[in-house]
Amino acid sequence: MSTIISVLINGLSLGAIYALIALGYTMVYGIAKMLNFAHGDIIMVGSYTIFITVMNLNIGGPVLTLVAAILFSVIVCTVFGVTIEKIAYKPLRGASPLAVLITAIGVSYFLQGSSQLLFGARALPITMPNLGNIDIGAAKVSVGTVVTLVVGIILMVALTVFIKNTRTGKAMVAVSEDKGAAQLMGINVNKIIMITFAIGSALAAFAALFYLFGIPAVNPTLGSMPGIKAFAAAVIGGIGSIPGAMLGGILMGLIESICKSIPALSSYTLAIEFGILILILLIRPIGLLGKKRRVKV
Amino acid sequence: MQYIKNIKQSFKLKNNINYFVLIALLAVLIIADQFGLLGRSLTGLIIKMGYSAILAVSLNLVVGFLGELSLGHAGFMCAGAYIGCFFANYMYGVIDNKILVLVLAMIVGGLVATVLGFIVGLPALRLKGDYLAIVTLAFGEIIRNIFNNTSSETFGGAMGMSTKKFEGTTLFIITLITLTIVLFLCQSLIRSKHGRAITAIRDNEIAAKSMGINVTYYKLFVFALAACFAGVAGVLYGHSLSTVRQDAFTYNYSIEILVMVVLGGIGSMRGSIISASLIVYINALLQNNLSGDMAEIKQAVYAIILIIVVIFNNAPALKKVKDKLSVSNPAKKNKNPETIHDDEVDWRRVPTKIPMDEVLTANLPNNDEAESDTAEKGDK
Amino acid sequence: MKKFMKVAALVLVATLVLGCFTACGTKADNDDGGNNANTDAKKEIFIGATGPLTGDASSYGISVKNGAEIAIAEINAAGGLNGITFKFEMKDDKAAAADAATAYDALMDEGMQVSLGSVTSGSCEAFAGAAQEDNLFFITPSASAAKVISYGSNSFRVCFGDPDQGTLAAQKLVAKYKNIGCIYDTSDPYSTGIYDAFKAEMDKSGTTFEVRTFDADNKKDFSAQVDALKDCDVIFLPIYYTEAGLIANACASKGVTAALFGCDGLDGVAEQIDKAVVTNDISYITPFDVNSTDAKVSAFVATYEEKYGEKPDQFAADGYDAVYAIFEGMKAAGIDDANISASDLSDALQVAITAEGFVLKGLTGEMTWDASGACTKVPVIVEL
């Protein structure tokens with residue numbers, strides 16, 4: 001029983017991390033219609049920022065350190081996200097999306113290459129402030145895991161509220177529906193795209209922190225696998241759909257955690273995750289919560 | 001027969017220049033090799049360039065002509081490499097002629113990959129754009145994951161499978177001949193009525209369907225054919241080393257092949273070959289010259305080259321600069337630039353139009369009826 | 001525009017190919033020319049190697065390179081061998097087989113005469129396959145897979161073989177513990193190599209044990225594996241120290257108190273964990289103890305720290321020993337001509353290094369080699 005509970009909680013918190021990353025993918029896709037392959041590497045940037053903060057900053061208590069770390073990490077990630085958009089993606093607006101995809105890959109290589117240059121390729125261990133453990137039922141769960149879950153859910157709710165109820169949020173929806181029309185209505189499309197990148201990157205900064213709770217080590221390629229899995233999660237949920245990204249992320253996390261806990265399946269974790277992805281897409285080609293659109297001929 | 005006749009009738013030097021260049025190159029290289037002018041690293045590089053070019057050309061069939069984004073090409077290569085080399089390892093005990101074994105192995109590896117390509121083609125019937133991209137990526141990773149979990153008696157699992165390393169000269173000749181054959185098959189296909197059907201599907205699937213084109217057949221056919229060539233390239237890869245391990249075929253490698261295709265120009269076979277060779281060459285150059293402590297800047301340098309090249313080639317704002325530099329600028333050739341102005345650009349966009357292109361971006365001015373139609377096709 | 005691209009690309013290709021020809025030509029000239037400056041005969045032996053200098057595995061490659069460079073500097077400073085000095089270069093192979101093959105070809109073009117092979121098992125296999133054709137003597141510091149030295153009589157190694165460590169670990173653990181668990185990496189040849197032998201030995205002794213796995217795509221989050229093994233007295237970790245550090249941290253955060261036992265890959269785990277947080281007993285089989293009081297070791301550690309600003313790990317020591325194995329082998333074979341071909345040097349070295357009475361007293365113990373290429377030395381168990 002305790003094993004089942006801890007497997008589920010591990011899965012949920014991993015899922016929350018994937019969901020936060022997937023949100024970044026899905027929002028950028030919905031609005032800029034591009035696959036931002038460098039999104040995973042923004043997590044890596046965030047992780048290194050947290051690493052530097054936690055290792056060098058000594059202010060009272062673990063909670064304060066964490067708050068400082070997440071603050072710095074959000075700022076750095078947002079700056080990175082917006083700068084990358086300005087330098088690498090904006091000149092290509094109007095060009096073939098495949099070209100944008102390749103630039104995104106180039107940016108991803110560049111971020112990995114430069115962090116390797118700065119910090120070396122070796123995984124650097126990081127001592128995260130210890131928050132202790134709590135007992136849920138018979139299972140022992142670290143507070144970090146619970147924080148991941150709770151904050152993850154709060155962020156997702158906040159994002160939904162933001163998009164539904166604010167002018168900027170509504171403008172984002174408008175841009176994702178029809179750019180030309182949105183522009184005619186006086187929406188500054190470039191600004192909206194920039195804001196989208198900023199929000200996506202800020203979410204990635206949170207994902208980085210939660211990621212380090214579970215796995216206290218940073219290396220230059222840290223972001224790529226979670227990035228790909230989050231991309232898969234976004235697609236499972238229906239890319240462009242915000243609740244879809246959350247659902248897909250949680251699903252991915254649960255599948256991964258369950259597979260790993262069963263010895264016979266654990267070495268096939270990747271195959272099972274991707275196999276389920278293919279199955280879901282074969283049954284529902286637009287993802288679980290994707291919007292169906294009619295084709296005009 | 002009619003098909004062959006057509007080819008004969010339409011024989012033009014311009015259409016066949018690729019083969020002549022390749023064959024001439026092969027001849028030059030063989031002669032150079034006889035005189036000992038080719039160093040070992042150059043021989044190795046030519047082999048690598050050769051199988052990379054096969055991969056790029058075959059992926060170009062899917063991305064450039066069928067218009068589907070595939071991120072799983074390395075997976076087919078992986079299956080071809082493992083099965084083809086496994087077969088070859090067995091056959092070396094049966095047949096004495098090494099070259100014959102390699103050719104047979106390429107056929108076997110190609111066939112296995114064809115079957116897998118057919119399977120991946122099935123979801124392609126229902127999925128589009130990025131959905132298909134992630135499914136192909138997933139397939140590639142699943143294939144890799146399965147080979148990683150094989151026992152040490154069969155495919156070696158994590159240890160990798162030992163293969164028989166081919167002697168450099170023989171292998172580069174075989175690789176270049178294979179590349180020529182693959183190129184011939186691809187170009188003949190594209191220039192035939194089947195090729196036109198495939199590009200029709202790319203440009204507008206519904207219109208193509210309503211013209212009576214069998215979309216299912218052509219999609220599966222292209223996926224299977226491209227996979228087949230990737231499998232053949234995998235066997236060549238396996239024989240250029242003494243080991244095949246699954247970790248060489250991650251999605252990153254698929255992306256690298258895609259980069260070759262996009263940089264070479266989507267829908268341009270010649271471009272694919274050139275850019276595949278160039279990328280292999282640049283990587284080798286960086287690897288050899290940045291050894292020791294300098295190695296770490298390699299990736300960043302490569303990334304910067306990549307970003308600059310793509311932005312330079314594609315940025316709308318840089319179009320004017322490029323036209324100025326271009327040696328074959330249509331506006332220069334034609335005395336009256338006004339007449340070709342807008343239409344020319346639109347017409348030129350057609351060959352590169354793939355479903356991801358439907359995705360429109362903010363500053364695109366000509367948001368006309370035809371384009372907004374296709375824009376929604378992806379979300380069908 | 002497309003046309004422009006093509007023409008530009010063609011021109012570029014042409015220049016690059018030409019450049020390559022000329023580069024190869026001039027490089028060879030340079031090698032001779034540069035060394036001809038002092039005397040007529042070449043006075044340098046070129047030791048080549050490939051290893052991961054970038055990417056996830058780069059710390060192993062960099063360590064080996066650093067260790068080998070220290071050995072080369074020492075030897076050259078002491079006057080070399082019969083007036084012959086040594087030159088060492090490691091090319092980056094990103095731990096990938098194809099890149100190792102490319103690097104091998106380039107090294108051969110540059111005149112490599114003897115080699116340290118590759119650092120990691122996967123790429124060393126590709127290296128060994130190619131080296132066997134040329135009969136190039138190589139002694140790999142750290143590629144421990146059984147297959148690496150199976151290609152030909154020209155292949156040797158300094159480290160333990162994977163199967164030996166697995167068998168030894170099984171014997172030690174069965175003798176000491178009751179509930180045994182194991183976590184290994186199914187995508188890594190080193191890890192599976194040890195695990196296979198470990199499992200075989202455990203089966204032989206009739207002991208059952210719990211096993212969990214991970215692979216290269218899932219090697220970050222170990223909470224599920226650690227949870228499953230929380231009742232074990234000991235967890236056997238035939239993996240590298242990065243993941244072992246993560247597992248140790250996962251144990252600490254899950255409150256799992258099992259002892260952790262590993263092989264030489266665990267060397268370096270001490271820097272990965274915070275002793276205040278991780279209270280588990282950690283021990284591993286290794287030929288090299290950085291805290292050893294041996295004069296040779298402490299001198300090496302001091303030099304290394306001075307030069308690279310960190311403590312050497314076992315890979316560095318292996319790299320150092322591998323260079324000395326070549327040096328001592330050449331000394332025993334009485335090589336006095338730096339122009340010797342790779343194949344001749346290989347034949348001489350093979351005889352010398354496998355000869356009765358050839359013992360290398362290195363940083364990783366007293367080593368002898370047999371014709372299989374495997375190295376015999378006494379393992380030490382280090383406890384943190």
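User: Why are helix 9 of chain A and helix 12 of chain A called roughly parallel?
Analyst: Helix 9 (residues 224-237) and helix 12 (residues 269-283) of chain A pack at an angle of about 25 degrees, and their axes are 10 Å apart. Angles under 35 degrees count as roughly parallel, 65 to 115 as roughly perpendicular, over 145 as roughly antiparallel, and the rest as oblique. So helix 9 and helix 12 of chain A land in the roughly parallel group. By the way, this is a predicted model: local features need pLDDT of at least 70, side-chain atom pairs count only at pLDDT 80 or more, and totals for chains, interfaces and linings use all residues. Residues are numbered from 1 along each chain as its sequence is written, while chains are lettered from A and ligands numbered from 1 in the order in which they are written.

User: Where do the helix numbers and angles come from?
Analyst: Helices (H or I, at least four residues) and strands (E, at least two) are DSSP runs, numbered from the N terminus. Axes are lines fitted to C-alpha atoms, for helices over the stretch in contact, and angles run from 0 to 180 degrees between N-to-C directions.

User: In which hand does helix 9 of chain A pass helix 12 of chain A?
Analyst: That crossing is left-handed. The near helix is turned from the far one by less than a right angle: anticlockwise gives left-handed, clockwise gives right-handed.

User: What makes helix 3 of chain A oblique to helix 8 of chain A?
Analyst: The axes of helix 3 (residues 62-89) and helix 8 of chain A come within 8 Å and cross at roughly 140 degrees. That angle makes helix 3 of chain A oblique to helix 8 of chain A. Helix 3 of chain A passes helix 8 of chain A in a right-handed crossing.

User: Which residues of helix 3 of chain A and helix 8 of chain A meet?
Analyst: Among them are A:Ala69, A:Ser73 and A:Glu85 in helix 3 of chain A, and A:Phe197, A:Gly200 and A:Leu209 in helix 8 of chain A. Residues are in contact if their C-beta atoms, placed from the backbone, lie within 7 Å. By class, this contact of helix 3 with helix 8 of chain A has 16 nonpolar, five polar and one charged residues. (Ala, Val, Leu, Ile, Met, Phe, Trp, Tyr, Cys and Pro count as nonpolar; Asp, Glu, Lys and Arg as charged; the others, Gly among them, as polar.)

User: How many residues does each of chain A and chain B give to their contact?
Analyst: Chain A gives 50 residues and chain B gives 50 residues. On the chain A side, the largest share, 15 residues, comes from helix 4 of chain A. That side divides into 32 nonpolar, 13 polar and five charged residues.

User: Why do strand 7 and strand 14 of chain C stand at the edges?
Analyst: Look at the order. The open sheet of six strands in chain C runs 7-6-8-9-10-14, with mixed pairing. Strand 7 (210-214) and strand 14 (380-383) of chain C each have a single partner strand, so one side of each is left without a neighbour in the sheet. Two strands pair if DSSP finds at least two bridges between them.

User: How do you know that strand 9 and strand 10 of chain C pair?
Analyst: Count the bridges: strand 9 (residues 259-262) and strand 10 (residues 282-286) of chain C have three, in the parallel sense. With at least two needed, they qualify as a pair.

User: Which strands does the three-strand sheet of chain C contain?
Analyst: That open sheet has the order 11-12-13, with antiparallel pairing. Strand 11 (360-362) and strand 13 (375-376) of chain C are its edges, each with a single partner strand, so each has one side without a neighbour in the sheet. Three bridges join strand 11 of chain C to strand 12 (residues 365-369) of chain C, and C:Gly362 stands opposite C:Gly365 in strand 12 of chain C.

How values were computed:
Contact = placed C-beta atoms within 7 Å.
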